[in-house]
Amino acid sequence: MKTLLSALAVAAASACLSLGAIGCSQSTDDTATNGGSALSASLLPQVLDPVPGATAGDYYQTKQTLRLFGTQPAADGGGYATFADKSTWVTRNIAVGDWISRNYQLASITKDGVTLRQLGEPTSFAVGKDLTINAIFHRFDTAAVYQGQNVWKVSGTNFADIQTTYGTGATGQDRSGVGPTAAIGTVSTVVLTSVDPNGVLAHAGLHTSSVLMALNGTQLHAADLDKLATALTKSGTTVSLTISEHGAVHTVTYNID
Amino acid sequence: MRLKKLGCTLVVATVASVTVSIVASAGTYPTRLANAGDSISQGWDADDVPHSQVKYSWVQGTSSVIDSIYSRYKALAPKITQDPESVFGAEMVGGGDNFAAQASRICANKTPPQHVTVLFGANDVCNAAQSDGPDPTVNMYAPATFTGAFDAGMEELESCLPTGATIEVISMPRVDQVYVAGMAKSSWCPEIWSIATVCTLVTSEPDPARRALIGAAVDTYNQALADDVAAWNSNSNGKNTAGLKVVTDWKGSIANGFTDTSLGSHLFNASEINTVDCFHPNEAGQAELACNGWVNDPDGSGVESACFTQEGN
């Protein structure tokens with residue numbers, strides 16, 4: 001399967017309407033800003049992949065219009081489908097069995113379309129068409145929203161809670177040697193050797209084999225990954241992460257609310 | 001067939017520029033340009049210095065060495081402005097900087113352009129996961145997914161561009177041919193490809209027959225895109241109510257005898273790629289892309305001059 005994009009990047013941010021077991025101290029106004037609404041407690045037992053300790057107040061529901069760009073069925077019945085959120089056009093490749101939102105799961109795919117399962121009710125969705133769903137998300141799902149051109153908007157509070165619940169969620173290995181480009185010369189980098197999709201770094205868009213070079217201009221080491229995760233929880237700050245990808249060095253900017 | 005050296009590519013580009021300026025002088029030119037694209041349009045590593053080198057970009061560049069689309073229009077309409085939206089690593093389909101996302105940013109600007117240039121696709125291919133199975137392209141997007149994403153971007157532009165605006169869609173390069181060029185360039189190239197994981201779908205594929213399958217998949221993308229462009233231009237898809245003029249450089253594949261008639265059918269050579277990542281066009285390559293973009297632009301010459309050369313082989 002193609003690399004999954006880590007950002008859900010729906011046009012909704014965190015919505016903490018009540019203090020949950022894992023804590024939530026911000027942004028009751030986020031719900032109004034982003035058009036979401038609180039989740040009925042009666043739906044809580046039905047959410048897919050529930051976050052440990054989460055309450056109904058940690059979830060929100062919002063209208064989301066998806067465009068099914070296409071499908072890539074596999075011979076074994078698996079494969080993936082490519083969905084775009086029409087409000088941002090950010091795409092995700094969703095594998096059969098994975099969820100689109102906390103109440104929609106990709107049940108099956110063909111070359112012509114997909115079937116989504118919502119709380120047990122299947123919904124057909126053809127390639128090239130739009131479908132508006134009442135999507136349920138946990139506030140962690142949109143703790144970081146990609147805004148394009150290597151800039152992310154981050155909820156520091158939600159990242160702090162992710163760190164508390166799941167941790168940094170990555171291990172890395174120091175590497176030193178020839179740089180990603182000849183002109184850069186010898187450099188030291190951290191290669192992520194494992195990334196927990198629930199952890200802070202996965203939510204920040206990093207994945208296994210990501211190559212990290214510097215945090216706010218200071219060289220990173222594998223032992224610094226917790227420091228990076230903590231930096232991403234500091235509301236009111238900006239974090240610059242220098243990475244190497246596909247033969248190029250980039251600076252990714254996280255603006256932390 | 002490889003051609004003999006034809007001389008400096010920059011000279012070729014300059015000659016093309018002079019020719020088209022004469023032809024285009026009778027037209028009414030846009031006052032604002034925009035582009036959507038990836039690292040190629042960012043002039044990535046073009047001057048052998050890592051990073052975006054936009055002044056050497058074929059489309060938005062300001063260097064006289066390149067004679068970009070922007071420069072050529074500026075020579076005709078000095079007050080012209082531009083809105084470059086291309087992003088390193090952008091795909092037609094995936095991510096947050098895809099064509100549709102960039103198109104929405106173009107539309108978000110107060111002054112919509114009358115001319116948009118589009119070049120995507122290489123990252124859609126290069127980012128696909130490798131497969132050990134018989135088909136190395138199995139993890140690539142289906143062509144319908146690729147054109148579906150193109151349609152989404154076009155819908156965005158159609159919603160904001162003025163009536164009669166032009167969208168020029170450039171075909172994507174045959175990355176398997178870039179591999180050939182890199183192998184011819186230096187023994188350093190396969191080393192840096194491995195270290196920096198540059199387009200591993202092809203650079204880590206030792207079997208030429210399997211690389212050719214990847215190249216054929218690129219042809220399929222380019223043909224599907226050209227068919228879609230034709231549908232938009234003729235409004236046979238019923239979506240072009242703004243009367244947009246939609247054109248492409250693609251005329252056909254290498255296999256069908258259209259070698260070097262478009263970016264997608266160009267046989268890259270060692271002298272056209274940079275020495276940093278051995279994959280992106282250098283200044284000479286960018287100048288050729290600018291020439292190709294211009295001769296296929298409705299405001300350009302329309303003459304298929306020798307934009308692409310085979311020097312250096």
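Here is a short chat about the two chains and how they meet.

Reply: Some ground rules: this is a predicted model, where local features need pLDDT of at least 70, side-chain atom pairs count only at pLDDT 80 or more, and totals for chains, interfaces and linings use all residues. Residues are numbered from 1 along each chain as its sequence is written, and chains are lettered from A and ligands numbered from 1 in the order in which they are written.

Me: What's the mean pLDDT of chain A?
Reply: It's 83 for chain A, and 82% of the residues reach 70 or more. pLDDT is the predictor's confidence in each residue, from 0 to 100. Over residues 1–34 of chain A it stays under 50.

Me: Which domains is chain A divided into?
Reply: Domain 1 (28–138) and domain 2 (144–256), with bounds from an automatic or database domain assignment. Their C-alpha centres lie 27 Å apart.

Me: Switching to chain B, how many helices and strands?
Reply: Chain B has 10 helices and 5 strands. Those are DSSP runs numbered from the N terminus: helices are H or I with at least four residues, strands E with at least two.

Me: How many residues of chain B are in contact with chain A?
Reply: 36 residues of chain B are in contact with 35 of chain A. Contact means C-beta atoms, placed from the backbone, within 7 Å.

Me: Which helix gives the most on the chain B side?
Reply: H5(B), with 5 residues. Helix H3 (99–108), helix H5 (143–160) and helix H7 (188–196) of chain B each supply at least two.

Me: What does B:Val125 contact?
Reply: Leaving aside neighbours within four places in sequence, B:Val125 is in contact with B:Met140, B:Val175, B:Leu201, B:Ile214 and B:Val218.

Terms used:
Two residues are in contact if their C-beta atoms, placed from the backbone, lie within 7 Å.
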